[in-house]
Amino acid sequence: MIQSRIPLRLVISLGGALALAGCTTTNPVQVTRFHLDQPLAPGSFSIESTPAMGPGSPVAPDSIELAMYSDIVAGELTRLGYTRASGPANSELTVSVLVDRGTRPDYNSGGSSVSFGIGGASFGRHTGFGGGVGTTVPIGDRQQRFIVGTRMQVQIKRRSDGTAIWEGRAMTEAKGQSPDASPQAAVAKLAHAMFTGFPGQSGQTISVK
């Protein structure tokens with residue numbers, strides 16, 4: 001059964017903690033899906049893009065960034081046989097998406113891999129995406145690089161009765177200087193991994209490379 005914890009919205013969060021597990025040099029994605037163990041027939045859908053509220057949110061509801069994330073998720077659903085509706089009123093399904101990003105120092109920048117357990121990584125505030133997250137900060141005689149963590153959650157509901165029929169979450173990380181750390185690349189990777197083998201085994205966490 002899907003347990004409704006918090007409303008899933010399309011969000012850019014610049015603070016908080018991301019719990020990422022078992023990351024290696026191949027940067028796998030940790031994916032968990034939940035559903036009702038019932039057939040999921042393809043139908044029409046709309047994506048409700050609502051940014052984070054409050055003074056810390058830099059993203060407007062009509063931002064190009066939110067539209068980009070919506071298009072990435074919509075592309076994966078279309079590949080699975082679903083049809084994007086012309087508007088919410090014409091859709092059978094409502095798709096809600098949350099994207100959460102943050103950074104932490106890469107203390108192992110000289111090593112070949114980074115590994116940390118669930119709950120063991122605290123990602124701090126960063127001021128922007130793209131060019132902002134790939135910067136280096138000099139500390140004494142060394143340059144401190146950053147790990148960028150990205151987390152995504154997707155929930156699909158029937159519009160007729162508001163019942164959640166599928167929910168997934170995916171997490172990954174990349175070195176800040178890597179192309180994989182860009183918002184578009186990270187979200188595309190998460191979306192592809194999340195919908196691989198859709199609908200997936202409910203409650204099982206898998207690693208997708």
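1. Aromatic cluster. In this predicted model, pairs of rings join Y82, W166, F195 and F198 into a cluster. The structure holds 4 aromatic pairs. A pair of aromatic rings is described by the distance of the centres and the angle of the planes. For W166 and F198 the centres lie 5.1 Å apart and the planes stand at 50 degrees, so this pair is tilted. W166 belongs to strand β8, while F198 sits in the loop between α2 and β9 (205-208); the two are 32 residues apart, and the pair thus links distant parts of the chain. Both W166 and F198 are buried. F198 also pairs with F195, again in a tilted arrangement, with 5.8 Å from centre to centre and 40 degrees between the planes. F195, like F198, is buried.

2. Overall arrangement. The chain contains 2 helices and 9 strands. Along the sequence their order is β-β-β-α-β-β-β-β-β-α-β. Of its 209 residues, 45% count as buried. Among contacts between residues at least 6 apart in sequence, 81% join residues at least 24 apart. The accessible surface of the chain comes to about 10200 Å², and carbon and sulfur atoms account for 53% of that area.

3. In soluble globular proteins, nonpolar side chains tend to be buried together. Here the largest nonpolar core has 28 residues, of which V95 and M152 touch the most other members. At least two residues of this core come from each of β2 (29-35), β3, α1, β5 (93-106), β7, β8 and α2 (183-194). The contacts of M152, leaving aside residues up to four places away in sequence, include V73, V97, L98 and V99. Among its other contacts are G168, R169 and A170, together with V187, L190, A191 and M194.

4. Strand β8. Is this strand largely enclosed or largely open? Of the 12 residues of β8, 10 are buried, so the strand is largely enclosed by the rest of the structure. Strand β8 pairs with β2 in the antiparallel sense, over 6 bridges. Within this pairing, M171 in β8 stands opposite Q30.

5. Salt bridge across the sequence. Side chains of opposite charge can pair when their charged atoms come close. The structure holds 7 salt bridges. One of them joins the side chains of R159 and E48, with 3.8 Å from N to O. R159 lies in the loop between β7 (142-158) and β8 (164-175), and E48 lies in strand β3 (residues 44-48), so the pair ties together parts that are 111 residues apart in sequence. R159 is partly exposed, at 31% relative accessible area, and E48 is also partly exposed, at 36%.

6. Two further salt bridges. R84 and D71 form a salt bridge in which the closest N and O atoms are 2.8 Å apart. Since R84 is in strand β4 (residues 83-84) and D71 is in helix α1 (residues 64-79), this bridge ties together parts that are 13 residues apart in sequence. R84 has a relative accessible area of 37% and is partly exposed; D71, at 46%, is partly exposed as well. Another salt bridge links D161 with R158, where the closest N and O atoms are 3.3 Å apart. D161 counts as partly exposed at 47% relative accessibility, as does R158 at 31%.

How values were computed. Residues are numbered from 1 along each chain as its sequence is written. This is a predicted model: local features need pLDDT of at least 70, side-chain atom pairs count only at pLDDT 80 or more; totals for chains, interfaces and linings use all residues. Side-chain values use heavy atoms; hydrogens and water are left out. A salt bridge is a side-chain nitrogen of Lys or Arg within 4 Å of a carboxyl oxygen of Asp or Glu. Helices (H or I, at least four residues) and strands (E, at least two) are DSSP runs, numbered from the N terminus. Buried means under 20% relative accessible area, exposed over 50%, partly exposed in between (1.4 Å probe, protein chains only). A nonpolar core is a set of buried Ala, Val, Leu, Ile, Met, Phe, Trp, Tyr and Cys residues joined through side-chain atoms within 4.5 Å. Contact means heavy atoms within 4.5 Å. Two strands pair if DSSP finds at least two bridges between them. Accessible areas come from the Shrake-Rupley method with a 1.4 Å probe; for residues, only the protein chains shown count as cover. Rings of Phe, Tyr and Trp (its six-membered ring) pair if their centres lie within 6.5 Å; planes under 30 degrees apart count as stacked, over 60 as edge-to-face and the rest as tilted.
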